[in-house]
Amino acid sequence: MRPLLLLLAFLSAAWLLAQTPEPLQNPGFEAATAGKPGSWTFTDFRTGGQPAYSPSAGRQGSAAVGVTVATTTQRGAWQQILAVNGARLLFVEAWYRSEALPGAPAPKPCLRLTYLKAGKGWDYLSDQSLTA
């Protein structure tokens, strides 16, 4: 089987609040060591999905991260935990590209935001499939 390669060409989050700096560290994945973008972690949810990184496979030749899978049951995610410091509004923007496994339906990348209540539980905010 041909592996699925999902590349998030550019991920950037910016606050819509005046004077607030970019909350993500290494939002464009440019800073990397040993093929891994700094400040980002990968999880495969114990399914066997593999992390992918390229300094030039992103939109307009920029850096990109991805998930490579060999079956439709494998998956993975790149993540970063950041403090929102009481912010009420967040703007998130991403570019993605995906390829389907032969005979499989097209994959649907998703963006998940989880609000952690300072160690007192969490609120599940979003798990929307991204559409073109």
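**Close-up views of a predicted model**

View 1. Leaving aside residues up to four places away in sequence, Ser54 is in contact with Ser62, Ala63 and Ala64. Ser54 belongs to strand S5, which spans residues 50–54. With a relative accessible area of 16%, Ser54 falls under the 20% limit and is therefore classed as buried.

**View 2. Polar contacts of the Ser54 side chain.** A polar atom of this side chain lies 3.1 Å from the backbone nitrogen of Ser56. The backbone nitrogen of Ala57 is likewise found 3.0 Å from a polar atom of the Ser54 side chain.

**View 3. The aromatic pair Phe29 and Trp40.** The model contains two aromatic pairs. In the pair shown here, the ring centres of Phe29 and Trp40 are 5.1 Å apart and the planes meet at 55°, so the arrangement is tilted. Phe29 is located in the loop between strand S1 (4–15) and strand S2 (32–33), and Trp40 in the loop between strand S3 (36–37) and strand S4 (41–43); the pair therefore ties together parts that are eleven residues apart in sequence. Both Phe29 and Trp40 are buried.

**View 4. Arg59 over the ring of Trp95.** The charged end of Arg59 is positioned over the Trp95 ring, at 3.3 Å from the ring centre.

**View 5. Arg75 over the ring of Phe45.** Here the charged end of Arg75 sits over the Phe45 ring, and the distance to the centre of that ring is 4.4 Å.

Note on methods: Residues are numbered from 1 along each chain as its sequence is written. This is a predicted model: local features need pLDDT of at least 70, side-chain atom pairs count only at pLDDT 80 or more; totals for chains, interfaces and linings use all residues. Side-chain values use heavy atoms; hydrogens and water are left out. Helices (H or I, at least four residues) and strands (E, at least two) are DSSP runs, numbered from the N terminus. Buried means under 20% relative accessible area, exposed over 50%, partly exposed in between (1.4 Å probe, protein chains only). A polar contact is a pair of N or O atoms within 3.5 Å; within protein, one must be able to donate a hydrogen and the other to accept it, and residues adjacent in sequence count only if both atoms are side-chain atoms. Contact means heavy atoms within 4.5 Å. Rings of Phe, Tyr and Trp (its six-membered ring) pair if their centres lie within 6.5 Å; planes under 30 degrees apart count as stacked, over 60 as edge-to-face and the rest as tilted. A charge sits over a ring if NZ of Lys or CZ of Arg is within 6 Å of the ring centre and within 35 degrees of the ring normal.
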